[in-house]
Amino acid sequence: MNTRNDIIKDINAKIAEEFEIDEANITPDAPIFETLELDSISLIDLVSIVHHDYGIKIAKEDLPQLKTFGDLYDYIEARQA
Amino acid sequence: MNRVVITGMGLWSCLGTNLDAVRDALYQGTSGIIYSPERKEAGYRSALVGNVPAVDLKPFLHRKFRNTMPEAAQYAYMATRQALEQARLDEEYLTQHEVGIIYGNDSVVEATMVGLDKFRAARDTVACGSGAIFQSMNSTVSMNLACLFHLRGINLTTASACSSGSQSIGLASLLIRDGLQECVVCGGAEENNLYGIAAFDGIQAFSIREDDPTRASRPFDRSRDGLVPSGGAATLILESYDHAVRRGAPILAEVVGWGFSGNGDHISNPNVEGPARSLLNCLRNSGVQLRDIGYINAHATSTLIGDQREAEAIAQVFGDYRVPVTSTKSQTGHEMWMAGASEVIYSILMMKNDFIAGNINFEAPDDVTAALNIIPETRNVHFDQFLSNSFGFGGTNSTLIIKNA
């Protein structure tokens, strides 16, 4: 099982690469939508990374609770096998 | 009826990625064809291909825009930037006026394959990614360019195999002539990756002269053995004469006629009657006299039957007038969905610079192509009107006549 630090290190790198942003901008308190300049369609790419790397499918009804990267780390940590 | 003029051109091709480089390559008879070890390794029968430079859009476009653009749209973006700049159409003008786009494209094989491979591996449609749907539609080029350049007029893709680029110019010219649009971005794009035309290689249509890549594409020559695939993009800005004058745009040439026809028979074997009718329709629609055509840019792709059928059609229509003919595919290979647009640009570059680029690799005709006056080496000559042929699978034919300005 990945530690929270492992998760943060891994997913931050993947997100920075996929969305072409500076990894320093990905902090636990940073808002996901604004930081990644997401819309309802490009959000799919974040969902896809989490599914591909952790085997976790983010349910549509869960999306509203993922406001910050900290929320995302919590979500993955709680569901990883 | 409005006169229709061309005020901007842009290219991304195996002969160069700007107009000056392409003009020089045409004049010098440079070949853009290479041998690709990657294709051979992958299982291609013919590893010959046009050497089209990859595009790096990072300096120009944010990831969220690039995410929806397959290879053909990337080429088209670069070509369209050039064309808009030459036509002096900036962002401010485009956002305040109704400019349309009709662009030729007829495949999105790699983008479709990549998206579906991800879906099948993950057994999850989300794995396709957010850009996959936009990348895998045949109208991807026109839809991306329309959004990126703020084009608010007609937004349409012409998909008619190897006449797609030519038909885009023809259709746009009609809309402008009849006053439905004042200005339209036209062109054609062709993916040039490992997958786009793999199935085309499979039907053994390509030259296998792999030991001599630059001499493999030899339209009309008696020892031709098939076409050489290539790709890239070509963009032209068409607008009404009055619109161009009002804007102070540089008028490069005029579209004086478009003709088209369908063969209505075999899906891959061309005939003579269909192309001949396309030529005649174009001549009739333009009102141009045969002997005023100073040059024909032939469709000829370097296939045995296709080149013969076109030679017969041209000879039939032009009779005893030995109009100079070349196929620039001898240098570029077959740019397919892009070809009808790129070859109009190649011919305009010749017309504006007083030369006809030689049909390289033409050493001797066969019994049928001997009917034509094929120019084997670059000739310094002035001409003011040319005719450009484009024919495609399914028997779709398009002919344009362009006049100097």
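Ser173(B) is buried, with 25 other C-beta atoms within 10 Å; a residue counts as buried if 20 or more other C-beta atoms, placed from the backbone, lie within 10 Å of its own, as exposed if 12 or fewer do, and as partly exposed in between. This is a predicted model, in which local features need pLDDT of at least 70 and side-chain atom pairs count only at pLDDT 80 or more, while totals for chains, interfaces and linings use all residues. Residues are numbered from 1 along each chain as its sequence is written, and chains are lettered from A and ligands numbered from 1 in the order in which they are written.

**Around Ser173(B)**

- Ser173(B) belongs to helix 9 (residues 164-177) of chain B; helices (H or I, at least four residues) and strands (E, at least two) are DSSP runs, numbered from the N terminus.
- Leaving aside neighbours within four places in sequence, Ser173(B) is in contact with Val4(B), Leu238(B), Val255(B) and Trp258(B), where contact asks for C-beta atoms, placed from the backbone, within 7 Å.
- Asn2(B) lies 171 residues from Ser173(B) in sequence, and the two are 9.3 Å apart in space, C-alpha to C-alpha.

**Strand 6 of chain B**

- Strand 6 (residues 183-190) of chain B is mostly covered, with eight of its eight residues buried.
- Which residues cover the two faces of strand 6 of chain B? On one side are Cys183(B), Val185(B), Gly187(B) and Ala189(B), and on the other Val184(B), Cys186(B), Gly188(B) and Glu190(B), all buried.
- Strand 4 (residues 100-104) of chain B runs parallel to strand 6 of chain B, joined by five bridges; two strands pair if DSSP finds at least two bridges between them.
- Within chain B, Ile101(B) stands opposite Val185(B) of strand 6.
- Strand 7 (residues 232-240) of chain B runs antiparallel to strand 6 of chain B, with eight bridges between them, and Ala234(B) in strand 7 stands opposite Gly188(B).

**Helix packing in chain A**

- Helix 1 (residues 4-19) and helix 3 (residues 43-54) of chain A pack at about 140°, with their axes 11 Å apart; axes are lines fitted to C-alpha atoms, for helices over the stretch in contact, and angles run from 0 to 180 degrees between N-to-C directions.
- That angle makes helix 1 of chain A oblique to helix 3 of chain A, since angles under 35 degrees count as roughly parallel, over 145 as roughly antiparallel, 65 to 115 as roughly perpendicular and the rest as oblique.
- Asp10(A), Ile11(A), Lys14(A), Ile15(A) and Glu18(A) of helix 1 meet Asp45(A), Ile49(A) and Asp53(A) of helix 3.
- By class, this contact of helix 1 with helix 3 of chain A has three nonpolar, no polar and five charged residues; Ala, Val, Leu, Ile, Met, Phe, Trp, Tyr, Cys and Pro count as nonpolar, Asp, Glu, Lys and Arg as charged, and the others, Gly among them, as polar.
- The axes of helix 1 and helix 4 (residues 69-79) of chain A come within 10 Å and cross at roughly 125°, which makes these two helices oblique as well.
- Arg4(A), Ile7(A), Ile8(A) and Ile11(A) of helix 1 and Tyr73(A), Ile76(A) and Glu77(A) of helix 4 make the contact, which divides into five nonpolar, no polar and two charged residues.

**Where the chains meet**

- Eight residues from chain B and eleven residues from chain A take part in the contact.
- On the chain B side, the residues divide into three nonpolar, two polar and three charged.

Terms used
Contact = placed C-beta atoms within 7 Å.
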